[in-house]
Amino acid sequence: MGESSKTSGEDGEKITEELLKLIGWSNPLKGVSVPCNSRLHDKKTHGNDFVFIYNNPLHENRTDIVYVSVKNTRQGYPKGDQGVKTTFKGHLSELDEIISCSKISNEIKQATQTFQGRKQKKHVGLLVWLHGDRETLNRDIKPALSRIQLDLASNCPLYLVDISRASFIKEAIGHFKASKQGTEYHFYYPKLGNVIANADERYGDLLPIELVASDLIPIRFMLGEKPSLCLYAKQSFSEDSMKKLCSLAFDFADGWVQDIFIGLENYHPADNKQTKDAVLMAYQDRKANIKVFCYKESILDLREY
């Protein structure tokens, strides 16, 4: 049992490291051990699977220190909602303890000083919760987690990437690379709420934590000599989702793009074209071409290209 658990943990770390590379989180610190500073934890040390430090492009004056905790099992998530909730709370509480001691440790202080980041430092937790059951890769566990309450000591924001979101990230970026072979691309950084981003930092090579944990991946690339936007969404096709994504795409594009591509989980030209065209009519006065596609591979996609 111990050997199986060890192998599962190693597999989870390998998968997570490859996932981090996909989103531009290259060369994270690995296996950083810090001393425990709380009697409540009943530990001598805490181990960080990964620590990634970067200047967050959505915030002009902020450097994020992200503590990545990886959990992986050979089986799927617990079958019932209560089992999912209990296990998740345990994983999150453990990550919270790690952050509480890590953020005041000499090890992290030294790493942050070496990085020479921005004035404001933000400590953030990321739980990557994976499993090896192919039958339930798309299971949505968010409803089971919606009303969880935890007394967290670190006072730091905690984010979750479950197996479904991890699959989405891999599918979306993999689809773009395959369909636009050799095309240079960058992740696009929209203006979010009251967040003010510098004009020359609106796109780059890494996804900030806010987008890693979202259901959207915006990609900026050149189509000929003109910039274009490709917006991948972890959503199914519907009239409502199309309206929201079109509005969002135009907000993101902010007038600089003429071609917008929207990728959905299950758009089928044969079945959904009429609904799509009806939605796009509302945007015909906008100076942009909108194309819709399914990023989950299907022979039907060939009708769109």
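Biologist: Is Trp256 buried, partly exposed or exposed?

Modeller: This is a predicted model, and what follows is computed from it. Buried means under 20% relative accessible area and exposed means over 50%. Trp256 has a relative accessible area of 24%, so Trp256 is partly exposed.

Biologist: Which residue has its charged end over the ring of Trp256?

Modeller: For an Arg, the test is that CZ lies within 6 Å of the ring centre and within 35 degrees of the ring normal. A charged end sits 5.5 Å from the centre of the Trp256 ring, and it belongs to Arg220.

Biologist: What is the angle between the ring planes of Trp256 and Tyr188?

Modeller: A pair of aromatic rings is described by the distance of the centres and the angle of the planes. For Tyr188 and Trp256 the centres are 5.1 Å apart and the pair is tilted. The angle between the planes is 50°.

Biologist: How many residues apart in sequence are the parts that this pair ties together?

Modeller: Tyr188 belongs to strand E6 (residues 185–188). Trp256 is in the loop between helix H7 (239–253) and strand E10 (259–264), so the pair ties together parts whose separation in sequence is 68 residues.

Biologist: Which strands are at the edges of the open sheet?

Modeller: The sheet has 6 strands in the order E7-E6-E8-E9-E10-E11, with mixed pairing. An edge strand pairs on one side only, and this applies to strand E7 (203–204) and strand E11 (289–294).

Biologist: What is the bridge partner of Ile262 in E11?

Modeller: E10 and E11 run parallel and are joined by 6 bridges. H7 lies across both of them, as well as across E6, strand E8 (216–223) and strand E9 (226–233), at about 140° to E10. In E11, Ile262 is bridged to Val292.

Biologist: How many residues lie between E2 and E3 in their hairpin?

Modeller: Strand E2 (residues 45–55) has 8 of its 11 residues buried. E2 pairs antiparallel with strand E3 (residues 62–73) over 6 bridges, and Tyr54 has Asp64 as its bridge partner in E3. The number of residues between the two strands of the hairpin is 6.

Biologist: Which residue in E2 is the bridge partner of Ser33?

Modeller: Strand E1 (residues 29–35) is antiparallel to E2, with 6 bridges between them. The partner of Ser33 in E2 is Gly47.

Biologist: How many residues apart in sequence are the parts tied together by Trp25 and Tyr54?

Modeller: The model has 15 aromatic pairs. In one of them, Trp25 and Tyr54 are tilted at 35° between the planes, 5.6 Å centre to centre, and both residues are buried. Trp25 lies in the loop between helix H1 (2–22) and E1, while Tyr54 is in E2, so the separation in sequence is 29 residues.

Biologist: Within what arc do the buried residues of helix H3 fall, seen down its axis?

Modeller: Ile108, Ala111 and Thr112 are buried in helix H3 (residues 106–115). The buried residues of H3 line one face of the helix, because they fall within an arc of 100°.

How values were computed
Residues numbered from 1 in each chain as written. Predicted model: local features only at pLDDT ≥ 70, side-chain atom pairs only at ≥ 80, totals over all residues. Heavy atoms only, no water. Buried < 20%, exposed > 50% of the residue type's maximum accessible area, 1.4 Å probe, protein only. Helix = DSSP H or I, 4+ residues; strand = E, 2+ residues; numbered from the N terminus. Pairing = 2+ DSSP bridges. Phe/Tyr/Trp six-rings, centres within 6.5 Å; stacked < 30°, edge-to-face > 60°. Arc of directions from axis to C-beta. Contact = heavy atoms within 4.5 Å. Axes fitted to C-alpha atoms, helices over the stretch in contact; angles between N-to-C directions.
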